[in-house]
Amino acid sequence: MHSVAQVVEAIASLGLEPRHEARVLAMRGAFQERTGAFGAEDPWFEARSRCFWDDAVTRQGFAELVAPELAPPARPWASALRLSHRGLFRASRAMGRWLLEDAWSGAEFTVDDVDEAMRSSLEAPAGPFDARIAALPYEPGSPAPIRVGILPGALFHSEDAILPIEKILAVAREKAMATDDVLDALLRMELSLRSMSRVKPAYAYRPQALVR
């Protein structure tokens with residue numbers, strides 16, 4: 001069975017086909033409108049591009065659109081991606097598996113589908129990360145009924161932004177903001193921090209920036 005990271009990579013490859021060019025351009029434009037613009041010359045281009053594809057295959061429905069073009073073993077993930085959970089996570093190890101705690105919703109997940117690149121990121125010191133997780137039933141006969149994976153486009157916030165982010169989440173809860181609106185705003189703040197030299201996290205991450 002394909003891993004969720006392999007499936008997202010396969011979908012992104014399909015997105016390079018000329019027949020999907022217009023749709024991908026529209027999705028990328030919508031993503032940048034919500035989270036901030038970036039280009040190929042930016043040092044953070046690869047990280048933001050992976051984050052975009054997570055958005056495209058889940059929130060923007062591209063996985064289901066191209067599901068018939070995927071290899072049969074990868075197709076079950078297409079529907080699972082539509083039902084993915086987006087959160088602002090902190091990771092820890094529990095009994096040899098990864099435990100993800102969502103600072104925004106309070107939900108906790110045990111994850112067993114983590115690719116090598118993501119594993120290295122989770123093991124490195126960092127602040128909370130914006131990520132999506134998806135669940136898929138294991139194949140018949142497997143001892144575990146559900147397989148939970150992290151999509152490969154997780155975007156990590158700075159450790160120095162932890163305290164400002166906590167204040168922002170408190171304000172967002174008071175305003176009863178939607179998950180995507182809050183996390184998109186945090187992605188804009190993260191981009192501001194990267195883009196402006198000598199700017200402190202407390203300046204880039206501000207409750208006032210929750211609204212564009």
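Visitor: How many bridges join strand β2 (residues 97-102) to strand β3 (residues 108-111)?
Guide: Quick caveat: this is a predicted model, where local features need pLDDT of at least 70, side-chain atom pairs count only at pLDDT 80 or more, and totals for chains, interfaces and linings use all residues. Residues are numbered from 1 along each chain as its sequence is written, and side-chain values use heavy atoms, with hydrogens and water left out. Strands here are DSSP runs of E, at least two residues long, helices are runs of H or I of at least four, both numbered from the N terminus, and two strands pair if DSSP finds at least two bridges between them. β2 and β3 run antiparallel, and the bridges joining them number four.

Visitor: Which elements are included in what covers the buried residues of α1?
Guide: The buried residues of α1 are V4, A5, V7, V8, I11, A12 and L14. Their cover includes a strand and several helices, namely β5, α3, α4 (62-66) and α5 (76-82).

Visitor: How far is the backbone oxygen of F31 from a polar atom of the side chain of T35?
Guide: T35 belongs to helix α2 (residues 21-35) and is buried, with a relative accessible area of 0%. Setting aside neighbours within four places in sequence, T35 contacts R48, D184, L187, R188 and L191. From the F31 backbone oxygen to that side-chain atom of T35, the distance is 2.7 Å.

Visitor: Which element supplies the largest share of the lining of the largest pocket?
Guide: A pocket here is an open set of points on a 1 Å grid over the protein atoms alone, where a 1.4 Å probe fits, with protein on both sides within 12 Å along at least five of seven lines; lining residues have an atom within 4 Å of a point. The largest pocket has a volume of about 270 Å³, and of its 14 lining residues the closest to its centre are E9, A12, S49, R50 and W53. α1 (4-14) and α3 (45-57) each give at least two lining residues. With six residues, the largest share comes from α3.

Visitor: And the second largest pocket: which element gives the largest share of its lining?
Guide: The second largest pocket is about 210 Å³, a volume being the space filled by probe spheres set on the grid points, which are joined across faces, edges and corners. Its lining includes R50, D115, M118, F156 and R194. α3, α6 (116-123) and β6 (155-156) each supply at least two lining residues. The largest share, three residues, comes from α6.

Visitor: What is phi of A176 near?
Guide: A176 is in the loop between α7 (162-174) and α8 (179-195). At 66% relative accessibility, A176 counts as exposed. Most residues other than glycine have a negative phi. Phi of A176 is positive, near 55 degrees.

Visitor: How far apart in space are A204 and A161, C-alpha to C-alpha?
Guide: A204 is placed in helix α9 (residues 201-204), where its relative accessible area of 5% makes it buried. Residues up to four places away in sequence aside, A204 touches M189, S192, L193 and V199. A204 and A161 are 43 residues apart in sequence, and their C-alpha separation is 8.9 Å.

Terms used: Buried < 20%, exposed > 50% of the residue type's maximum accessible area, 1.4 Å probe, protein only. Polar contact = N/O pair within 3.5 Å; in protein donor to acceptor, adjacent residues only side chain to side chain. Contact = heavy atoms within 4.5 Å.
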